[in-house]
Amino acid sequence: MKITPIDIQQQQFKGKMIGGLDPEDVDAFLQMVAQEMEGLLRENNELKEQLNRNSAAMAAMEGQETKLRDAVLAAQNIAEDMKANARKEATLLVSEAELKGERIIAAAEQKLVELTSQIQDCAGRKCSLKLP
């Protein structure tokens, strides 16, 4: 039987013939109150221990969450750096290719000038052209 504070307040003990309380009723009631209080104290201690375990677990999870956020942020920064480096490298490769293309065009134009000069020198006389 669960005892409430109201039960304790309203508990009536039977009087003895001479006007006193029945010691057996008082002892039985006190025993019941003691057992109930013992159970409540045990439950209270268990709940406190569970709260402490849960608080520790939550603190550990918060620490892990912080580490994960830091790791994700670091990964994002590395990805951004890699993208920037890839863009720079691509720009450099394009610049090199354009420069190489310009050199090839310049060499071709020089060869054209040389061939045009040879053709003009050979115009009107028989000569052999040096063609690539």
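The following questions and answers look at the salt bridges in this predicted model.

User: How many salt bridges does the structure hold?

Analyst: A pair counts when a side-chain nitrogen of Lys or Arg lies within 4 Å of a carboxyl oxygen of Asp or Glu. Among the pairs are Arg42 with Glu38 and Glu80 with Lys83. For the structure, the number of salt bridges is 3.

User: Is Arg69 buried or exposed?

Analyst: Arg69 forms a salt bridge with Glu65, and this partner counts as partly exposed at 38% relative accessibility. To be called exposed, a residue needs a relative accessible area over 50%. Arg69 has a relative accessible area of 57%, and therefore Arg69 is exposed.

User: How far apart are the closest N and O atoms of Glu80 and Lys83?

Analyst: Glu80 and Lys83 are 3 residues apart in helix H2, and so about one helical turn separates them. Glu80 is partly exposed at 45% relative accessibility, while Lys83 is partly exposed at 43%. Their contact counts as a salt bridge, for which the cut-off is 4 Å, and the closest N and O atoms are apart by 3.8 Å.

Conventions:
Residues numbered from 1 in each chain as written. Predicted model: local features only at pLDDT ≥ 70, side-chain atom pairs only at ≥ 80, totals over all residues. Heavy atoms only, no water. Buried < 20%, exposed > 50% of the residue type's maximum accessible area, 1.4 Å probe, protein only. Helix = DSSP H or I, 4+ residues; strand = E, 2+ residues; numbered from the N terminus.
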